[in-house]
Amino acid sequence: MLSALLWALIGGTIIGLLGKLVAPGDRDNIPLWLTVLCGIGGVLLGNFLYGIFFDLNTRGFDWWRHGWQVVVAAILVSLAAGRFGRARS
């Protein structure tokens, strides 16, 4: 249980930061905790959407699944930045 939570936080941070990197426009105005939440959402929703179209049981490192996760995280980061982004001074 604790290890699953730790992996969700680590994976969510990595996927969220990658999503922030590939998101269009200036997306640096949301806090790190929101980026991590978008990354965790990207992992969960990306896995779900990937499982609809492809087989989840693959050998080795599944680049396509992680690509879907990053794209979903980028969409979530863009939505979060539009809704919760801090104003620049």
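**How two helices meet, and where space is left**

In this predicted model, helix 1 and helix 3 pack with their axes 7 Å apart, at an angle of about 70°. Angles of 65 to 115 degrees count as roughly perpendicular, and helix 1 and helix 3 are therefore roughly perpendicular to each other.

**The packing of helix 1 and helix 3**

- Two packed helices are described by the angle between their axes and by the distance between the axes.
- The crossing in which helix 1 passes helix 3 is right-handed.
- On the helix 1 side, the contact is made by I15, G16, L18, G19, K20 and V22.
- Helix 3 contributes Q69, V70, A73, A74 and V77 to this contact.
- Sorted by class, the contact of helix 1 with helix 3 has seven nonpolar residues, three polar ones and one charged one.

**The largest pocket**

- Rolling a probe the size of a water molecule over the atoms shows where empty space is left.
- The largest pocket holds about 250 Å³ of space.
- Its lining is made of 14 residues, and the closest to the centre of the pocket are W7, G11, G12, I15 and V43.
- Which elements give two or more residues to the lining of the largest pocket? They are helix 1 (2-22), helix 2 (32-53) and helix 3 (63-84).
- Helix 1 supplies the largest share of this lining, with seven residues.
- By class, the lining of the largest pocket has nine nonpolar and five polar residues, and no charged ones.

**A residue to look for**

- I15 is among the residues of helix 1 that contact helix 3, and I15 is also one of the residues closest to the centre of the largest pocket.

Key
Residues numbered from 1 in each chain as written. Predicted model: local features only at pLDDT ≥ 70, side-chain atom pairs only at ≥ 80, totals over all residues. Heavy atoms only, no water. 1 Å grid on protein atoms, 1.4 Å probe; cavity = no way out; pocket = protein on both sides within 12 Å on 5 of 7 lines; lining within 4 Å. Points joined across faces, edges and corners; volume = space filled by probe spheres on them. Helix = DSSP H or I, 4+ residues; strand = E, 2+ residues; numbered from the N terminus. Nonpolar A, V, L, I, M, F, W, Y, C, P; charged D, E, K, R; others polar. Axes fitted to C-alpha atoms, helices over the stretch in contact; angles between N-to-C directions. Parallel < 35°, antiparallel > 145°, perpendicular 65-115°, else oblique. Left-handed = near helix turned anticlockwise from the far one by under 90°. Contact = heavy atoms within 4.5 Å.
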